[in-house]
Amino acid sequence: MFVSDATVLHADLDAFYASVEQRDDPWLRAKPIVVGGGVVLAASYEAKAHGIVTAMSGRAARALCPGLISVPPRMEAYAQASRDVFAIFDRTTPIVEGISIDEAFLDVSGLGRIAGRPVDIAARLRRTVAEEVGLPITVGVARTKFLAKVASGVAKPDGLLLVPPHAELEFLHPLPVERLWGVGKVTAAKLHAHGLRTVADVAAHSESDLVSLLGRTAGRHLHALAIGHDPRPVRHRRRSSMGAQHALGRGPHSIESVGETLQLLVDRVGRRMRRAGRLGRTVVLRMRFADYTRATRSHTLPGATARTDLLSAAAHDLLEQTRPLIAERGLTLIGIAVTNLVGEGVEQLELPFDEPVEAAGDSTGDTRTQHRAVDRHALDAVLDDLHSRYGAGAVTSAALLGRDHRPGVPLLPDGPET
């Protein structure tokens with residue numbers, strides 16, 4: 001194999017949540033279904049044929065398809081399916097770069113003698129996922145990550161597409177500008193307003209022209225992609241974050257109810273971090289508003305931790321800071337993520353500089369912070385054990401009584417990482 005060969009695979013599960021539902025309930029197969037009621041979390045391809053898309057309101061979706069079937073989300077089922085698929089990825093190649101719970105890049109260079117051509121590896125991967133997990137998956141094969149991702153998008157659903165190195169621009173240039181990585185509605189509108197509708201149109205302009213139109217970063221980025229340049233390698237990286245989110249639906253939501261939902265998410269993420277043996281420093285609050293715009297706020301803690309109380313305090317401080325914005329724009333989704341993850345065993349103990357000065361001769365003051373930390377770690381461990389045995393709602397705070405404690409969906413499969 002040579003570096004110039006098409007050895008990058010982009011594997012993307014098709015209509016992931018909806019496909020899991022159709023796999024587990026044969027009655028739902030070949031029917032238009034959506035996961036979620038107030039807001040569409042996922043739509044089957046039968047539903048997408050009616051124009052239904054993710055994040056659409058349930059009411060709008062039903063207007064487009066009167067026979068639409070809505071099913072409640074089963075987050076643990078999706079998480080398990082993701083873990084099963086990623087296990088197959090890891091058996092295929094040691095270099096897997098997870099992008100989300102349902103997609104990843106795989107580098108299969110160097111596997112020619114033991115596994116065959118990249119396109120054969122991709123075909124075998126699709127068969128294995130279908131046979132072992134029961135889900136359809138689309139794979140794009142190309143020389144670069146960008147082209148592999150575009151190829152999988154073009155090949156959907158349940159397809160396989162190879163972009164030969166000698167035909168990259170022939171494949172890429174007729175596609176609409178929306179296929180360029182990073183082009184959303186706003187950027188697409190700017191490009192359309194200047195007569196740029198295909199990738200070829202973008203490639204025909206100089207980098208300086210695109211920088212003038214879109215700004216330095218976006219202009220240089222799109223110019224490089226339009227001419228097929230993407231030097232980024234596939235990297236087997238340690239997870240950089242763990243998170244969970246919850247769709248609230250449209251309508252008014254009190255800040256108290258949002259805070260309760262946020263606490264449930266913090267509890268879930270904290271348990272997952274401890275189970276995976278990870279600590280994190282930065283807490284990120286993610287929000288989607290009623291106009292479908294998004295915003296994030298973050299806070300970096302003094303040290304890495306997996307303690308629920310510390311993560312919770314940071315998350316609720318961020319929520320309080322955004323209270324005016326939420327009141328003004330409405331909230332349809334809230335999420336929490338912990339980033340800057342490290343492995344257990346590297347937690348930095350803090351000296352109790354903020355402790356009150358003790359009376360002369362009292363030697364216990366300098367250990368109080370450490371005792372509280374040990375007590376909290378022990379409490380988290382006991383609660384984790386109870387939750388694993390009897391469910392997340394078995395023991396909870398009074399404020400969360402009666403709330404749905406079913407698990408949220410991780411950004412990527414959990415588990416110890418090497």
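Analyst: The protein chain exposes about 20,800 Å², of which carbon and sulfur atoms supply 55%; accessible areas come from the Shrake-Rupley method with a 1.4 Å probe, and for residues only the protein chains shown count as cover. The model is predicted, so local features need pLDDT of at least 70 and side-chain atom pairs count only at pLDDT 80 or more, while totals for chains, interfaces and linings use all residues. Residues are numbered from 1 along each chain as its sequence is written, and side-chain values use heavy atoms, with hydrogens and water left out.

Of the 418 residues in the chain, 47% are buried (under 20% relative accessible area, with exposed meaning over 50% and partly exposed in between, for a 1.4 Å probe and protein chains only). The chain holds 16 helices and 13 strands, which are DSSP runs numbered from the N terminus (H or I of at least four residues for helices, E of at least two for strands).

The part to examine is a helix pair. Helix α13 (residues 255-276) packs against helix α14 (residues 308-321) at an angle of about 145°, and their axes are 9 Å apart. Axes here are lines fitted to C-alpha atoms, for helices over the stretch in contact, and angles run from 0 to 180 degrees between N-to-C directions. The crossing of α13 past α14 is right-handed, meaning that the near helix is turned clockwise from the far one by less than a right angle.

On the α13 side, the residues that meet α14 include Ile255, Val258, Leu262, Val266 and Met273; α14 contributes Thr308, Leu311, Ser312, Ala315, His316 and Leu319. Contact means heavy atoms within 4.5 Å. By class, the residues of this contact comprise 8 nonpolar, 6 polar and 2 charged (nonpolar: Ala, Val, Leu, Ile, Met, Phe, Trp, Tyr, Cys and Pro; charged: Asp, Glu, Lys and Arg; polar: the others, Gly among them).

Elsewhere, the largest nonpolar core has 39 residues, and Leu9, Phe16 and Tyr78 are among those with the most contacts inside it. Such a core is a set of buried Ala, Val, Leu, Ile, Met, Phe, Trp, Tyr and Cys residues joined through side-chain atoms within 4.5 Å. Helix α4 gives the most to this core, with 8 residues. A second, separate core of 32 residues includes Val266 and Met273, both of which also take part in the contact of α13 with α14.
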